[in-house]
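Subject: Structure handover

Hello,

Here is the structure for you to look through, followed by what was found in it. Please keep it open while you read.

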Amino acid sequence: MSGRARSRHQAAPSRRVNIDRVFHALGDPTRRAIVERLSERPLSVSSLAQPLAITLAAVVQHLQILELSGLVHSEKVGRVRTCRIEAAGLSAAEQWISERRAIWERRFDRLGDLLAEPDEK
Amino acid sequence: MEERTVTHGTFVIERSYAVAPERVFAAFADPAKKRRWFAGGEGSEMEEFEMDFRVGGSERTMRRMGPQTPFPGVALTNDSYYEDIVPNRRVVFAYTMSLGDRRVSASMATVEFVRTEKGTDLIFTDQGAYFEAGDGPKMREGGWSKLLEGLAKELARP
């Protein structure tokens, strides 16, 4: 998550925590890569790890964060742990909130561009 | 009867700009300036922009969602009412967003301008009530990939 954006409100804690966790979870390029691959189909931890240039242990850590955020669900059958996207990870309303934040982030980017121009007075 | 739920969400965005609060405030107060940063882009066509920058004044922007959005061709309307304005210090406004004729959310937004040695810190706090109406499944369907894509861009920044 971007260092300049932080939350400091208490309303509706369970929902808000979830949104914060989702932002945190998706704030990492490796985790986004995992989510993107899982949105195509469920995969075992080892096949998830294969194309990623990181250790199996690191993948497991990323998966734990994704599971905490509610984005990914994993299940162990025998010796194989299989991961899949958790469709309930983001409700439609939560998507709206995430999207709203992104809209304002882009607006403040453009404001920065405008302010970087010489002042016409 | 269709199920309706409300989700409350608050987010805070902080930015630092290397100019004095007077200039940042002017970008909110001057319609020509505000239009440039507030309503551009977003893959949609702007059809209306009106603002009356005073306490009790209102602002309205209407955009038409572009082909890359989950709702191509649908009007996205943003109606704001200015609740408090302290020049160079803060702007507070209440706003609703509607998709077509359906209200999506109602929010209270507070913009604070803090003078710093380097210029201005802007603190934006958005406290919203989001109405999940009948478009939930469609949002889920169209929203996932778009959301991830948007988030990736936003969050990949240092």
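Please bear in mind that the model is predicted. Chain A has 121 residues, and 31% of them are buried. Of the contacts in chain A between residues at least 6 apart in sequence, 51% link residues at least 24 apart.

The sheet of chain A

The three strands of chain A make an open sheet, ordered β1-β3-β2, with antiparallel pairing. At the edges stand β1 (43–44) and β2 (72–77) of chain A; each has a single partner strand, so one side of each has no neighbour in the sheet. Which residue of β3(A) is the bridge partner of V77(A)? It is V80(A).

Helices on the sheet

Helix α2(A) lies across β1, β2 and β3 of chain A, at about 85° to β3(A). Helix α4 (residues 56–68) of chain A lies across β2 and β3 of chain A, and runs at about 120° to β2(A).

Helix α2 of chain A spans residues 29–38, and its residues R31(A), I34(A), V35(A) and L38(A) are buried. Viewed down the axis of α2(A), the buried residues fall within an arc of 95°, so they line one face of the helix. The general rule here is that an α-helix has 3.6 residues a turn, so residues three or four places apart point the same way.

How do α2(A) and α4(A) meet, and at what angle do their axes cross? The two axes come within 10 Å and cross at roughly 70°. Angles of 65 to 115 degrees count as roughly perpendicular, and α2(A) and α4(A) are therefore roughly perpendicular to each other. On the α2(A) side the contact is made by T30(A), R31(A), I34(A) and V35(A), and on the α4(A) side by H62(A), I65(A) and L66(A).

The nonpolar cores

The largest nonpolar core has 23 residues, and those touching the most other members are L111(A), L115(A), V24(B), A27(B), F28(B), V111(B) and L122(B). Apart from it lies another core, of 16 residues, including V22(A), I34(A), L63(A) and C83(A).

Leaving out residues up to four places away in sequence, L122(B) touches F108(A), E14(B), R15(B), Y17(B), V24(B), V111(B) and F113(B).

In α1(B), the buried residues are P21(B), V24(B), F25(B), A27(B) and F28(B). Looking down the axis of α1(B), these residues fall within an arc of 150°, so they line one face of the helix.

A loop glycine in chain B

G57(B) sits in the loop between β2 (44–51) and β3 (58–65) of chain B. Because G57(B) has 13 C-beta neighbours inside 10 Å, it counts as partly exposed. Not counting residues up to four places away in sequence, G57(B) touches D52(B) and Y82(B). The C-alpha atoms of G57(B) and F93(B) are 9.6 Å apart, though 36 residues separate the two along the chain.

Regards

Conventions:
Residues are numbered from 1 along each chain as its sequence is written. Chains are lettered from A and ligands numbered from 1 in the order in which they are written. This is a predicted model: local features need pLDDT of at least 70, side-chain atom pairs count only at pLDDT 80 or more; totals for chains, interfaces and linings use all residues. A nonpolar core is a set of buried Ala, Val, Leu, Ile, Met, Phe, Trp, Tyr and Cys residues joined through C-beta atoms within 7 Å. A residue is buried if 20 or more other C-beta atoms lie within 10 Å of its own, exposed if 12 or fewer, and partly exposed in between; C-beta atoms are placed from the backbone. Two residues are in contact if their C-beta atoms, placed from the backbone, lie within 7 Å. Helices (H or I, at least four residues) and strands (E, at least two) are DSSP runs, numbered from the N terminus. The arc is that of the directions from the helix axis to the C-beta atoms. Two strands pair if DSSP finds at least two bridges between them. Axes are lines fitted to C-alpha atoms, for helices over the stretch in contact, and angles run from 0 to 180 degrees between N-to-C directions. Angles under 35 degrees count as roughly parallel, over 145 as roughly antiparallel, 65 to 115 as roughly perpendicular and the rest as oblique.
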